[in-house]
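Here's a quick briefing to read with the model open beside you. Have a look around first, then work through the points below.

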Amino acid sequence: MVELAGVTKTYGDVAALRGADLVIRRGELLAIVGPSGSGKSTMLNIMGTLDRPSEGRVRIDGHDVAGLSDRELSALRAGTIGFVFQQFHLAFGVPALDSVADGLLYSGRPRAERRRLAEQALRRVGLGHRLHHEPHQLSGGEKQRVAIARAVLGDPPLLLADEPTGALDSRSGAIVIELLNELHEAGTTVVVITHDRDIAARLPREVRLKDGRIEHDSAGAGAAPSRSLVPEEAAR
Ligand SMILES: Nc1ncnc2c1ncn2[C@@H]1O[C@H](COP(=O)(O)OP(=O)(O)OP(=O)(O)O)[C@@H](O)[C@H]1O
Ligand SMILES: [Mg+2]
């Protein structure tokens with residue numbers, strides 16, 4: 001689903017990522033952990049094609065990102081990738097249902113259908129009883145679940161979540177993680193950044209970043225490129 005090969009990202013004289021190699025198979029659920037500033041969000045943004053690497057190769061769902069035009073990239077994002085960002089992006093005064101439905105604004109679907117799908121997504125995250133609540137009437141955990149509903153709206157095969165539990169108490173955090181687990185069980189590939197060691201330890205795979213490098217990968221590939229996956233890639 002995702003392949004990073006020798007991915008480096010520099011911002012001026014800051015090297016946010018240095019030669020990252022990572023293969024994520026379809027249907028995996030994995031945590032990205034590491035200290036603040038270690039490059040986690042940078043890596044997720046590159047996986048999400050929101051940012052291009054300074055060096056290295058990025059393949060998402062079989063597409064070499066470097067070869068895609070901006071238009072093709074937008075199409076890849078719209079059809080394949082759902083994001084839950086580190087900061088909430090819920091507009092003030094907008095009810096949950098509209099916040100989620102707006103995620104389909106450019107999908108070409110009629111308004112009634114956008115709202116029907118939004119309602120479905122909100123029910124999926126357990127917020128069927130909060131459809132008309134505005135952000136200030138929702139708890140932090142509920143807001144985060146609205147953000148997830150928006151991210152899973154078109155049922156994207158790849159879900160990228162940046163600290164979805166960062167601002168939550170442990171109970172709300174557990175609900176969000178349970179939700180990500182359910183999506184994973186339904187077949188979605190889920191990549192979640194977390195500061196929470198307990199959460200990371202309970203997920204099937206953990207990738208640890210330090211100073212822009214992959215310091216550890218519980219899948220066993222470590223910082224080395226996972227050669228075993230190359231023949232399968234070539235066979236596709
Ligand atoms: N647009 C940018 N311009 C300059 N430097 C940047 C930019 N974005 C990130 N950086 C730097 O790159 C490094 C990695 O940032 P990144 O946001 O990926 O860290 P992170 O691991 O997500 O940290 P946190 O846990 O605090 O969210 C940091 O030192 C940061 O200051
Ligand atoms: Mg970050």
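Predicted model: local features only at pLDDT ≥ 70, side-chain atom pairs only at ≥ 80, totals over all residues.

As for labels, residues are numbered from 1 along each chain as its sequence is written, and chains are lettered from A and ligands numbered from 1 in the order in which they are written.

**Helix α4**

- Which residues of α4 are buried? They are Arg114, Leu117, Ala118, Ala121 and Leu122.
- Seen down the axis of α4, these buried residues fall within an arc of 140°, so they line one face of the helix; the arc is that of the directions from the helix axis to the C-beta atoms.
- "Buried" means that 20 or more other C-beta atoms lie within 10 Å of a residue's own, "exposed" means 12 or fewer, and "partly exposed" is in between, with C-beta atoms placed from the backbone.
- Turned away from that buried side, the other face of α4 carries the exposed residues Ala112 and Glu113.
- The cover over the buried residues of α4 includes α3 (96-101) and α5 (140-151).
- Arg123 also lies in α4, and with 13 other C-beta atoms within 10 Å, Arg123 is partly exposed.
- Ala31 sits 92 residues from Arg123 along the chain, and their C-alpha atoms are separated by 25 Å.
- Just after α4 comes Gly126, with a positive phi of about 80°.

**The whole protein**

- In total you'll find eight helices and 10 strands; these are DSSP runs (H or I, at least four residues, for helices; E, at least two, for strands), numbered from the N terminus.
- The radius of gyration is 18 Å, close to the 18 Å that the globule rule gives for 236 residues, so the protein is as compact as a globular protein of that length. That radius is taken over C-alpha atoms, and the rule is 2.2 Å times the number of residues to the power 0.38.
- Along its principal axes, the C-alpha trace spans about 50 × 40 × 35 Å.
- Of the 236 residues, 40% count as buried.
- Among contacts with a separation of 6 or more, 68% come from residues 24 or more positions apart; a contact means two C-beta atoms, placed from the backbone, within 7 Å.

**Around ligand 1**

- The residues around ligand 1 include Tyr11, Val14, Gly34, Lys40 and Thr42.
- Both β2 (14-24) and α1 (40-47) supply at least two residues of this shell, and α1 gives the most, with three.
- By class, the shell has three nonpolar, seven polar and one charged residues. Ala, Val, Leu, Ile, Met, Phe, Trp, Tyr, Cys and Pro count as nonpolar, Asp, Glu, Lys and Arg as charged, and the others, Gly among them, as polar.
- Helix α1 is mostly covered, with six of its eight residues buried, among them Lys40 and Thr42.
- After α1 comes Thr49, whose phi is positive, near 60°.

**A loop residue**

- Leu68 lies in the loop between β5 (63-64) and α2 (70-80).
- Leaving aside neighbours within four places in sequence, Leu68 is in contact with His63, Leu73 and Leu76.

Definitions and conventions
Near = placed C-beta within 6 Å.
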